[in-house]
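Biologist: Could you walk me through this one before I plan my reading of it?

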Amino acid sequence: MTTTYLTTTTGRRKRSVARVRISSGTGVVTVNGRAFDDYFPSATHRNAITEPMRITDCDGTYDLSVTMDGGGQSGQAGALRHGLTRALMELDPERRGVLKAAGFVTRDPRKKESKKAGLKKARKAPQYSKR
């Protein structure tokens, strides 16, 4: 059985990347082949992820198939929310105003700062020794 996807988008946060595929359905979400509740056990993360669906009244109308890569739980949750927001806007451009007012359209640009040569971390210098 092949699934026909309505749209495919990518969401990012920190080092996390979420590839979101939306198809019409009943609201089933699978992340890396696992159930949504199993992959994100924290209710806070699940609420943050599904917020774009709730504010656009699309809860239970689309099935999501998500492939996650990189980062930790919070970064992946943010990446998934960003990808879901982009997908909803692609399906109906009228939703952009509502999603932008909620602050979901803007990508969170914060990333880990890269390590510099001669330093121990990005900014931590080696310990100074007088003698």
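Biologist: Which helices and strands does the protein chain come to, and in what pattern?
Modeller: The protein chain has 4 helices and 5 strands, arranged along the sequence as β-β-β-β-α-α-β-α-α, where helices (H or I, at least four residues) and strands (E, at least two) are DSSP runs numbered from the N terminus. This is a predicted model, in which local features need pLDDT of at least 70 and side-chain atom pairs count only at pLDDT 80 or more, while totals for chains, interfaces and linings use all residues. Residues are numbered from 1 along each chain as its sequence is written, and side-chain values use heavy atoms, with hydrogens and water left out.

Biologist: OK, salt bridges: how many does the structure hold?
Modeller: There are 7, a salt bridge being a side-chain nitrogen of Lys or Arg within 4 Å of a carboxyl oxygen of Asp or Glu. One of them pairs Asp 108 with Arg 13, with 3.0 Å between the closest N and O atoms, and this pair links distant parts of the chain, since Asp 108 lies in the segment after helix 4 (96–102) and Arg 13 in strand 1, 95 residues apart.

Biologist: And is Arg 13 buried or exposed?
Modeller: Arg 13 counts as buried because its relative accessibility is 15%; buried means under 20% relative accessible area, exposed over 50%, and partly exposed in between (1.4 Å probe, protein chains only).

Biologist: What about Arg 54 and Glu 51, how far apart are they in helix 2?
Modeller: Arg 54 and Glu 51 are 3 residues apart in helix 2 (residues 43–55), so about one helical turn separates them, and their side chains meet in a salt bridge at 2.6 Å, N to O.
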